[in-house]
Amino acid sequence: MAAAVDSFHLLYREISRSCNSHFEALALIGALYAASRAVVLLRDCCTVARVHFLPRMMPSGRLTQRYGDWAVIYGAAQPVAGAYAEELARSGVSIIFITQDGSSVRDAASFLSQTYGVETTVVTADFSLGQAAAKPVAEALRGKDVGFLVNCMDETLASPRSLIEIPEQGVLDRVNRNIGAATLMARLVLPGMVERSRGAVVNISSGSSCRPRHGRVMLSAFTGYLDHFSRALQFEYSNKGIFIQSLIPFQISSSSSAEGWFAPSPEVYARHAVSTLGVSTRTTGYWPHTLQYGLMKCIPEWIWIVGSRVLFSTS
């Protein structure tokens, strides 16, 4: 029995001696991996501070001097777009509201003029009609130093609805009012910005571009388009002095009773988002949403899809 025990200890000692080099290699790999993740985490923390905190503590100057005197707001009836327009007006930027129903923003336009002493113009344009909507917009832009274009996606797309439940004409109208309008608005505004070698184009979409969601096919597709459209414009026009930004917010509260840390009011969100102008070309615009975005990107898409299907089937 003692011989057997001695033999086991001898065998274990020999195996350990032969595996020491492998253990050391694995330990080195583990240490390198841990160090790389620590570096990535530190980089992400520095990015959050640079994008969301430093600009608010150290503003970089008047927006009118950096970009121009006028801002064009498309989708002005959306609460986020209205709040964004007010933040620009607070900085002395005059506003051109582009909306399908002019009566929905006339009160807001009057409020901005009276409160901040800026000029405001309301242009009625229905982009579901196609190119015909461009004429009144082009007339409104003539002779103005337009330094901002803000395209805001229709928030009604966030309501769960199957694609086959939407009438065919409704599908075409939504495509024209979101994808077509944002693209055409950029086409109308960019020539003046290129000529003056300054300007900013901000496309506000949604965090739904990160992962597909049940009942929101068009929302996910449209937000994905606006996000990539912004990145393509940035690639093409950044060397001409124009700043292009893709804003991808998550939930924004529509009522004061539902407001929270991760669901800010449109006014709070706009205040944070405007501070990121000229700092980040692609951001959520609000640092708690950036945390949400980071967590969501950590989940593999197949796990997200399976989990969504399970939750939907049990609801």
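Me: Contact here means heavy atoms within 4.5 Å. Which residues in α3 and α4 meet?

Reply: In this predicted model, Ala 85, Glu 86, Ala 89 and Arg 90 in α3 meet Phe 111, Leu 112 and Tyr 116 in α4.

Me: How does that contact of α3 with α4 divide by class?

Reply: It has 5 nonpolar residues and 2 charged residues, with no polar ones.

Me: At what angle do α3 and α4 pack?

Reply: The angle is about 20°, and the axes are 10 Å apart. Helix α3 covers residues 79–90, and helix α4 covers residues 106–116. Because angles under 35 degrees count as roughly parallel, α3 is roughly parallel to α4.

Me: Is the crossing of α3 and α4 left-handed or right-handed?

Reply: The crossing of α3 and α4 is right-handed.

Me: And α3 with α8, at what angle do they pack?

Reply: Helix α8, residues 266–275, packs with α3 at about 55°, and their axes are 8 Å apart. That angle makes α3 oblique to α8. The crossing of α3 and α8 is right-handed.

Me: Which residues of α3 and α8 meet?

Reply: From α3, the residues are Pro 79, Val 80, Ala 83, Tyr 84 and Glu 87. From α8, they are Pro 266, Glu 267, Tyr 269, Ala 270, Arg 271, Ala 273 and Val 274. By class, this contact of α3 with α8 has 9 nonpolar, no polar and 3 charged residues.

Me: Changing topic to α6: how far apart are its end C-alpha atoms?

Reply: They are 42 Å apart. Helix α6 has 29 residues, 168–196, so at 1.5 Å a residue it should span 42 Å, and the two values agree.

Me: Where does α6 bend?

Reply: Helix α6 bends at Ala 181, by about 40°.

Me: How do α5 and α6 pack?

Reply: Helix α5, residues 134–141, packs with α6 at an angle of about 30°, and their axes are 10 Å apart. This makes α5 roughly parallel to α6. Their crossing is right-handed.

Me: Which residues in α5 and α6 meet?

Reply: Ala 134, Val 137 and Leu 141 in α5 meet Leu 184, Met 185, Leu 188 and Val 189 in α6. The residues of this contact of α5 with α6 comprise 7 nonpolar, no polar and no charged.

Notes. Residues are numbered from 1 along each chain as its sequence is written. This is a predicted model: local features need pLDDT of at least 70, side-chain atom pairs count only at pLDDT 80 or more; totals for chains, interfaces and linings use all residues. Side-chain values use heavy atoms; hydrogens and water are left out. Helices (H or I, at least four residues) and strands (E, at least two) are DSSP runs, numbered from the N terminus. The expected span of a helix is 1.5 Å times one less than its number of residues. The bend at a residue is the angle between axes fitted to the seven residues ending there and the seven starting there. Axes are lines fitted to C-alpha atoms, for helices over the stretch in contact, and angles run from 0 to 180 degrees between N-to-C directions. Angles under 35 degrees count as roughly parallel, over 145 as roughly antiparallel, 65 to 115 as roughly perpendicular and the rest as oblique. A crossing is left-handed if the near helix is turned anticlockwise from the far one by less than a right angle, and right-handed if clockwise. Ala, Val, Leu, Ile, Met, Phe, Trp, Tyr, Cys and Pro count as nonpolar, Asp, Glu, Lys and Arg as charged, and the others, Gly among them, as polar.
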